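Student: I would like to go through this protein with you, asking at each step what lies behind the words we use.

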Amino acid sequence: MAIMTREQYYKTLEDMHPNAYILGEKVENVFEHPLIKHMTAAVALTYHMENDPEGSKYLVTESDLTGEKVSRFLKFYTSKDDLLAKVEMLKFLAQNIGGCYMRCTGMDALSAVGIETYNCDQKYGTEYFKRFTEFVKMVQSKDFIVFSGVTDVKGDRSQRPSQQADPDMYLRVVDRDSKGITIRGAKMHQTGSLNSHWCLVVPTREMREDDKDYAVCCAVPNDAEGMIHVYGRGTLEAQAMEECDMGNAQYSKFSPLVIFNDVYVPNDKVFLDGHHEYAGDIVRNFGNYHRHSHGGCKCGVGNVLIGAAATAADYNGLPKTSHIQNKLAEMLKVTEAIYGCSVAASVKAVKTPSGIYNVDPVLSNTSKLFEGKELNEVIRMMVEIAGGMTTDIPSDKDFARDDIGPLLKKYLHGPEGVSTEDRVKLFRLVEKLAFESRDIVSNIHGGGSPETHRMTILRNADIESKKKMAKRLAGIDVGD
Ligand SMILES: Cc1cc2nc3c(=O)[nH]c(=O)nc-3n(C[C@H](O)[C@H](O)[C@H](O)COP(=O)(O)OP(=O)(O)OC[C@H]3O[C@@H](n4cnc5c(N)ncnc54)[C@H](O)[C@@H]3O)c2cc1C
């Protein structure tokens, strides 16, 4: 069963029993909880799409490891076409979901880890890449979801992992025996952890010799003993709990804190332990891939923002107003730049010795910097176009009342031909797109903080050669 159906996916969730806490309660069958189930639905849609004639063109590919049909979310990037196909797939899904479908962090981590485990094996004769490809074959054959546990809680940001007052601020190996390792620590903002099957633990930064117990990469099943998922709060939760006024009627997002309270990992799922020199490259590869993913995803979400703004204008009776058309063009400029940089980063990708392709880091990070700054401007323009109805709409529960419901329908009506119900639904979507804290913050920090994007651009862009260009033109001797 290399491709699962939506129904089979839900059955796998029923069979898993992650240790989960939501708003102070320990929760069983967590995937059905009102704060979780809308993201479960988004993930389930990806399985539906894998079986859909149109969707499968984006989501299904052939495994280099087995030759089987597999989910594109589980394939190494072994060509530039794989990277381009990823961007198109993420754009396609984001346009259908209007937000997160969560399978991209694991997808990016697979290739990031693949490149460096291969490099480590070549230098030290370890067998990490062999173990890792066995793991990848297994998740491919089951069509499982892998989420990447990258972001540690990090304590005092000015201190390295081994310098922290509490040594558990970065995930580390606390014990080893002949059969495996025991890990302890906590990963923050783990998008969709409760909709997944496996966590691929990845170091969050480069490590030095002193930090080598923190240079760990391994796979852990989502309901492993000692693993605890604690739901992290976001906006618009009251609506989800009451199951009305949702804005995005079907889909949402959550990102728990995941604690690894002495979790035992058998050796065959350990892909890096102590070879500290590879930790930085794994997370840098991951960051570049993930910023490249955002270029497809956030262009897709951007298209939803543009569609919501244009529909709001229609529903306000202003379909052809020139200043609104200008703003739509400005919004398109940003979303297409985000997308275009990711497409270009795929075209300029470079093959690594493992056979996996690395994206162009300058272009993928440029895409993400556009997203971090300019996508907020797209959101602001959507709100400017939509107007004050972006907030303050009475609840569906008020509309359902016999006494005030008809009055609300009457007074919140827009132009002829548009029902009040549709108008309210659309403005709730605008509100969700504008104020969902996880999306707004993730636009800026998802895939790493903007400063890391700038640092990566500077590290990879040759400023000295640019200085020479300028000096030559100015008639200054550059000595060549
Ligand atoms: C909604 C959402 C979803 C996410 N999903 C995932 C996920 O699925 N998986 C995952 O692993 N992570 C995920 N992340 C985490 C994301 O990658 C991090 O938020 C990001 O890397 C920033 O890390 P941080 O939040 O710890 O901020 P910090 O690292 O604390 O950064 C805060 C600020 O401090 C600066 N700073 C930090 N350290 C230093 C220093 N030593 N010197 C100078 N300046 C410094 C940064 O540049 C930044 O400006 C998600 C985040 C969000 C908001």
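This is a predicted model: local features need pLDDT of at least 70, side-chain atom pairs count only at pLDDT 80 or more; totals for chains, interfaces and linings use all residues.

Tutor: Residues are numbered from 1 along each chain as its sequence is written.

Student: What are the domains, and how many residues of domain 1 are in contact with domain 2?

Tutor: The domain assignment, which is automatic or taken from a database, gives domain 1 (6-279) and domain 2 (282-462). Two residues are in contact if their C-beta atoms, placed from the backbone, lie within 7 Å, and by that test 51 residues of domain 1 are in contact with 43 residues of domain 2. The side of domain 1 that touches domain 2 divides into 24 nonpolar, 17 polar and 10 charged residues, where Ala, Val, Leu, Ile, Met, Phe, Trp, Tyr, Cys and Pro count as nonpolar, Asp, Glu, Lys and Arg as charged, and the others, Gly among them, as polar.

Student: Why is the shell around the ligand said to lie between the domains?

Tutor: Domain 1 and domain 2 both give residues to that shell, so it lies between them. A residue is near a molecule if its C-beta atom, placed from the backbone, lies within 6 Å of it; 22 residues surround the ligand, and the closest are V150, T151, H189, T191 and S442. Helix 14 supplies the largest share of the shell, 4 residues, helices being DSSP runs of H or I with at least four residues, numbered from the N terminus.

Student: What makes the residues of the largest nonpolar core a core, and which have the most contacts inside it?

Tutor: A nonpolar core is a set of buried Ala, Val, Leu, Ile, Met, Phe, Trp, Tyr and Cys residues joined through C-beta atoms within 7 Å, and a residue is buried if 20 or more other C-beta atoms lie within 10 Å of its own. The largest such set has 132 residues, and L305, A309 and M382 have the most contacts inside it. Helix 8 (residues 279-315) gives the largest share, 16 residues.

Student: How do you know that the buried residues of helix 14 are on the same side?

Tutor: The buried residues of helix 14 are R438, D439, S442 and N443. They cover an arc of only 135° around the axis, taken from the directions from the helix axis to the C-beta atoms, which puts them on the same side of helix 14. These buried residues pack against helix 8 and helix 10 (361-386).

Methods. Helices (H or I, at least four residues) and strands (E, at least two) are DSSP runs, numbered from the N terminus. A residue is buried if 20 or more other C-beta atoms lie within 10 Å of its own, exposed if 12 or fewer, and partly exposed in between; C-beta atoms are placed from the backbone.
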